[in-house]
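Keep the viewer open as you read.

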Amino acid sequence: MKNPPPFTAFSRDEQERIQRELNNKLDKEDISYRPSAAGNVAYVEGWRTFNLANQVFGFNGWSSEIVDLSVDFCETDQQGKVSVGMSCMVRVYLRDGTFHDDIGYGSSEGGRSKAGAFEKAHKEAVTDAMKRALRVFGNRLGNCAYDKVFLKQVKAAGYNSSVQQNPPSVLGVKHNQPVPVNPVNQQFKNENNLSNQPPEGYKPVWQPARTAL
């Protein structure tokens with residue numbers, strides 16, 4: 001990055017709150033499904049992922065940049081229809097300088113024009129890369145959508161979200177109230193005999209992670 005943003009460390013209260021929220025799993029309404037050769041695949045829509053990131057980090061607590069964007073193929077058939085495939089690498093920063101990179105892919109098939117095909121593939125690739133980079137930060141941003149056991153419990157749960165929808169910004173605000181826990185998250189904690197409160201003397205570890213999964 002030519003001109004990296006100025007980084008500001010999170011306070012201890014902010015770190016603890018963010019870590020608690022990232023550990024909290026997705027709600028049922030956050031998860032969508034699409035058909036595939038292997039059956040329905042769970043995923044989180046881009047706009048939901050970005051809203052969740054704003055809730056967890058604050059609208060000005062994270063940012064992103066396109067690290068690389070490349071065209072994998074561009075073909076035009078005999079009818080003049082255009083198909084394009086693009087790959088994109090995105091880096092997502094937190095306010096304190098922590099970041100994750102990940103790659104996304106976008107495609108457009110049978111487009112009427114090259115401009116339209118490139119626009120669609122470009123947007124899909126960038127959105128996919130941002131979602132994949134964000135999910136590495138924790139369950140709340142989509143990592144738990146890869147947990148098959150959790151997904152089975154979500155499908156069987158049938159509950160309404162009890163997670164706070166509009167938490168305060170992380171900037172300049174102390175967060176002393178516990179984050180509400182939805183029934184599925186509570187069930188996971190009960191099954192593993194985990195307490196809602198950290199053990200005495202516990203200090204969260206918050207280190208920059210530079211490798212995407």
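Which residue in S5 is the bridge partner of Met86? That partner is Gly106. Before going on, a word on what you're looking at: this is a predicted model, where local features need pLDDT of at least 70, side-chain atom pairs count only at pLDDT 80 or more, and totals for chains, interfaces and linings use all residues. Residues are numbered from 1 along each chain as its sequence is written, and side-chain values use heavy atoms, with hydrogens and water left out.

Now back up to the whole chain. It has five helices and five strands, which are DSSP runs numbered from the N terminus (H or I and at least four residues for helices, E and at least two for strands). Following the sequence, you'd read the pattern as α-β-β-α-β-β-β-α-α-α. Of the 213 residues in the protein chain, 39% are buried; here buried means under 20% relative accessible area, exposed means over 50%, and partly exposed lies in between (1.4 Å probe, protein chains only). The protein chain exposes about 12400 Å², and 50% of that comes from carbon and sulfur atoms; the areas come from the Shrake-Rupley method with a 1.4 Å probe, and for residues only the protein chains shown count as cover. As for contacts (heavy atoms within 4.5 Å), take those between residues at least 6 apart in sequence: 68% of them join residues at least 24 apart.

Let's go strand by strand. S3 and S4 pair over 13 antiparallel bridges. Val71 stands opposite Met86 in S4, and Asp68 has Met89 in S4 as its bridge partner. The hairpin of S3 and S4 leaves five residues between the strands, and Gly80 there takes a positive phi near 85°. On to S4 and S5, which are joined by 11 bridges and run antiparallel. They form a hairpin too, with four residues between them, and Gly97 in the turn has a positive phi of about 100°. S4 itself is mostly covered, with 12 of its 13 residues buried.

Over in S5 you'll find Ser108. Ser108 is buried, at a relative accessible area of 5%. Setting aside neighbours within four places in sequence, Ser108 is in contact with Val82, Ser83, Val84, Ala117, Lys120 and Ala121.

What about the nonpolar core? The term means a set of buried Ala, Val, Leu, Ile, Met, Phe, Trp, Tyr and Cys residues joined through side-chain atoms within 4.5 Å. The largest one has 34 residues, and those with the most contacts inside it are Phe57, Trp62, Leu134, Phe137 and Leu141. The elements giving two or more residues to this core are helix H1 (12-23), helix H2 (46-57), strand S4 (82-94), helix H3 (114-135) and helix H4 (148-157). H3 supplies the largest share, eight residues. Zoom in on Phe137: not counting residues up to four places away in sequence, Phe137 touches Leu22, Phe57, Val92, Leu94, Thr98, Phe99 and His100.

H3 also holds Lys131, which counts as buried at 18% relative accessibility. Beyond residues up to four places away in sequence, Lys131 touches Tyr43, Val44, Glu45, Gly46 and Thr49. The C-alpha atoms of Lys131 and Val92 are separated by 9.5 Å, with the two residues 39 apart along the chain.

Finish with H4, where Phe150, Leu151, Gln153 and Val154 are buried. They lie on the same side of H4 because they cover an arc of only 165° around the axis, the arc being that of the directions from the helix axis to the C-beta atoms. On the other side of H4, Lys148, Val149, Lys152, Lys155 and Ala156 are exposed.

Terms used:
Two strands pair if DSSP finds at least two bridges between them.
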